[in-house]
Amino acid sequence: MSVDRILKGLSRFQKTVYPQHRDLFQKLALGQRPEALFITCADSRIDPCMLTQTKPGDLFISRVIGNIVPPYPDAIGGVSATIEYAVGVLGVVDIIVCGHTDCGVMKGVLNPEPLEPLTSVTAWLNYAQPARQAVLHNKTRPQEQSELEFLLAVTERNVIQQLGNLRTHPSVAARLEQGDLRLHGWVYDLGEGAVSAYNAGRDAFVALQTPVTRV
Ligand SMILES: [Zn+2]
């Protein structure tokens, strides 16, 4: 895809899409009040708004490879600042950490050697290594586990790991203490369009039937 295709899309947006939603965009121009922070992988195959059928203004979105949230005060940067702003200023009431199938980052966690020359990527992947370790040391892990099943198990555990890291951020911890913030862990199956959500009581991911279930 060349930039020409992107420019044609922009032109179509301005001529066709924008006029249909002019009221919404003009209202949004005055301010935003998103209800949720959606943290997901930068993977091009994920479209959070299409997946959740939300409109501009509904989701505050943080895209970062591996949907990784460094624990506070580690790696203060874009992800931490986005969380603090969403929770402390915008007052979102839900945070969704959404991993996905066939994630290149999770594959890199399982097989880091080819990525070693990429020092920033390698350092970032270290935040997901505890997920791999947790799966390897899980006593209930099936003896026979295919590579795909192992990848999915690490992807799920990584989401749980990042939910734990989220709780270390003071702005998140304070709102959780107040009881007006909910955390959700999802894994999106790209090929099936299905989403499973982490159920803390069962310590397992279960197919999501309703828009958002409480962790
Ligand atoms: Zn990914």
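Visitor: Where in the chain does D102 lie?
Guide: This is a predicted model, where local features need pLDDT of at least 70, side-chain atom pairs count only at pLDDT 80 or more, and totals for chains, interfaces and linings use all residues. Residues are numbered from 1 along each chain as its sequence is written, and side-chain values use heavy atoms, with hydrogens and water left out. Helices (H or I, at least four residues) and strands (E, at least two) are DSSP runs, numbered from the N terminus. On that numbering, the place of D102 is the loop between β3 and α5.

Visitor: Is D102 buried or exposed, or does it count as partly exposed?
Guide: Buried means under 20% relative accessible area, exposed over 50%, and partly exposed in between, with a 1.4 Å probe and protein chains only. The relative accessibility of D102 is 37%, so D102 counts as partly exposed.

Visitor: What is the phi of D102?
Guide: Most residues other than glycine have a negative phi. D102 is not a glycine, yet its phi is positive, near 55°.

Visitor: What is the relative accessibility of C103?
Guide: Both C41 and C103 are buried. C103 counts as buried because its relative accessibility is 1%.

Visitor: What distance does α8 reach from its first C-alpha to its last?
Guide: The expected span of a helix is 1.5 Å times one less than its number of residues. For the 21 residues of α8 the expected value is 30 Å, and the helix comes close to it, at 31 Å.

Visitor: Which element gives the most to the lining of the second largest pocket?
Guide: On a 1 Å grid over the protein atoms alone, a cavity is a set of points where a 1.4 Å probe fits but cannot get out, and a pocket is an open set with protein on both sides within 12 Å along at least five of seven lines; lining residues have an atom within 4 Å of a point. The second largest pocket is lined by 14 residues, and those closest to its centre are N138, A153, E156, R157 and D203. Elements with two or more residues in this lining are α7 (129–136), α8 and β6 (204–207). With 4 residues, the element that gives the most is α8.

Visitor: What is the volume of the second largest pocket?
Guide: Grid points are joined across faces, edges and corners, and a volume is the space filled by probe spheres set on the points. For the second largest pocket the volume is about 300 Å³.

Visitor: What is the phi of D203?
Guide: D203 lies in the loop between β5 (194–199) and β6. It is partly exposed because its relative accessibility is 41%. Although D203 is not a glycine, its phi is positive, about 50°.

Visitor: Which peptide bond is cis?
Guide: Most peptide bonds are trans. P73 is placed in the loop between β2 (59–63) and α4 (78–90). With omega near 0°, the cis bond is the one from Y72 to P73.
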